[in-house]
Amino acid sequence: MAQSGGSATTWVVGGGIAMVIVPLIMMVGVGGGDDAAAEGSGVGGGLNDGSVPAQYLPWVLKAGAECDAIKPAVIAAQIEAESGWNPNAKSPVGAEGLSQFMPETWKSWGRDDDGNGSASPYDPGDAIMAQGRYDCDLVERVERYKKAGKASGETLDLALAAYNAGPGAVEQYGGIPPYTETQNYVARIKSLIPKYESVDDPPGEIPEGQRMAMPLPGDPIVTSPYGMRMHPTLHVRKLHTGIDLAAPAGTPFMAARDGKVTFAGWSNGYGNRVVISHGTINGKKVTTTYNHMMAISVSVGQQVKVGQRVGAVGSTGFSTGPHAHFEVTENGQYVDPAPWLGLK
């Protein structure tokens with residue numbers, strides 16, 4: 001819900017649109033690693049084909065060019081979270097239109113961008129462009145807070161929080177306000193960005209001496225290795241079928257080797273999961289799996305290259321916080337991924 005001024009004291013979930021949001025715990029954690037039964041700042045500028053309704057696409061692209069920090073995928077994800085792409089939406093507290101502007105905020109940011117003779121939050125073009133302008137203004141505000149030592153955190157996260165709760169609340173609390181609705185709002189939009197974002201991942205390669213590339217950027221820390229352990233959510237001793245790598249929510253989770261996607265969807269304890277077949281290597285059929293993701297970027301049957309994004313790190317399924325749970329199987333049996341990644 002777009003609003004201005006000080007901290008918000010009354011809000012409706014999803015910016016005025018009733019919805020169920022599963023909270024994402026914003027910390028690095030460890031996950032179940034096996035199914036109970038078996039067990040992004042840096043947003044790109046493009047949009048996935050067909051992800052945005054055609055009638056709104058030109059406006060989303062235009063609004064996403066207002067400033068560098070707010071790309072079209074952010075605009076689109078925000079609209080889905082705010083109104084579910086319903087241009088006639090109105091919340092119980094009075095937020096209006098596709099982008100859910102409160103009347104007072106609309107007075108400051110609304111213009112007749114579509115040239116039909118009136119500036120209305122119910123005109124999609126007017127609403128989307130006002131959203132882009134307001135988002136960019138909030139980016140500038142939270143950047144000033146950060147430079148003055150009045151707030152800390154990722155600029156995009158703080159701007160989204162300010163859109164929902166008001167910039168005064170971000171300043172008051174020195175970051176994302178401790179409001180469940182606002183925290184869920186930021187997490188919801190961050191989880192939706194990969195759905196809309198078109199990312200041209202740079203060509204990846206398997207480092208010399210390794211059989212697979214690290215599935216995360218950089219050199220992540222292993223927070224839980226492969227092997228027997230006390231399960232962190234089921235509280236029973238069992239095999240941890242992969243390795244956990246430290247990564248914040250939204251970090252790109254990438255294919256460790258060329259292959260074909262054989263599964264992409266929900267899998268109980270694994271949450272959002274992708275399985276990639278890499279064919280036969282040294283006489284054994286090899287697969288990798290990518291688990292607990294907040295969003296999936298590939299589909300079954302798709303051919304992927306090493307380093308290609310398959311989803312975004314999250315905390316779905318049996319997990320105590322965002323992290324990357326990565327597995328390798330040989331002939332259907334889980335094996336330690338560490339040797340494949342050159343960690344042993």
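Me: At what angle do helix α5 and helix α7 pack, and how far apart are their axes?

Reply: The model is predicted, so local features need pLDDT of at least 70 and side-chain atom pairs count only at pLDDT 80 or more, while totals for chains, interfaces and linings use all residues. Residues are numbered from 1 along each chain as its sequence is written, and side-chain values use heavy atoms, with hydrogens and water left out. Helices (H or I, at least four residues) and strands (E, at least two) are DSSP runs numbered from the N terminus. Axes are lines fitted to C-alpha atoms, for helices over the stretch in contact, and angles run from 0 to 180 degrees between N-to-C directions. Here α5 (residues 155-165) and α7 (residues 180-196) pack at about 125°, with axes 9 Å apart. That angle makes α5 oblique to α7; angles under 35 degrees count as roughly parallel, over 145 as roughly antiparallel, 65 to 115 as roughly perpendicular and the rest as oblique.

Me: Which residues make the contact between α5 and α7?

Reply: Contact means heavy atoms within 4.5 Å. From α5 come L156, D157, L160, A161, Y163, N164 and A165, and from α7 come E181, T182, Y185, V186, I189, K190 and I193.

Me: Which cysteines does a disulfide join?

Reply: A disulfide is a covalent bond between the sulfur atoms of two cysteines. By the rule used here, a pair of cysteine sulfur atoms within 2.5 Å qualifies, and the count comes to one disulfide. C67 is joined to C136, with an S to S distance of 2.1 Å. The torsion about the S-S bond of C67 and C136 is about -85°, so this disulfide is left-handed. The pair links distant parts of the chain, 69 residues apart: C67 is in the loop between α1 (57-63) and α2 (72-83), and C136 is in helix α4 (residues 124-147).

Me: Are C67 and C136 buried or exposed?

Reply: Buried means under 20% relative accessible area, exposed over 50%, and partly exposed in between (1.4 Å probe, protein chains only). Both C67 and C136 are buried.

Me: What does A130 touch?

Reply: A130 is also found in helix α4 and is buried, with a relative accessible area of 0%. Leaving aside residues up to four places away in sequence, A130 touches F101, W106, W109 and G110. The C-alpha atoms of A130 and G110 are separated by 5.4 Å, although the two residues are 20 residues apart along the chain.
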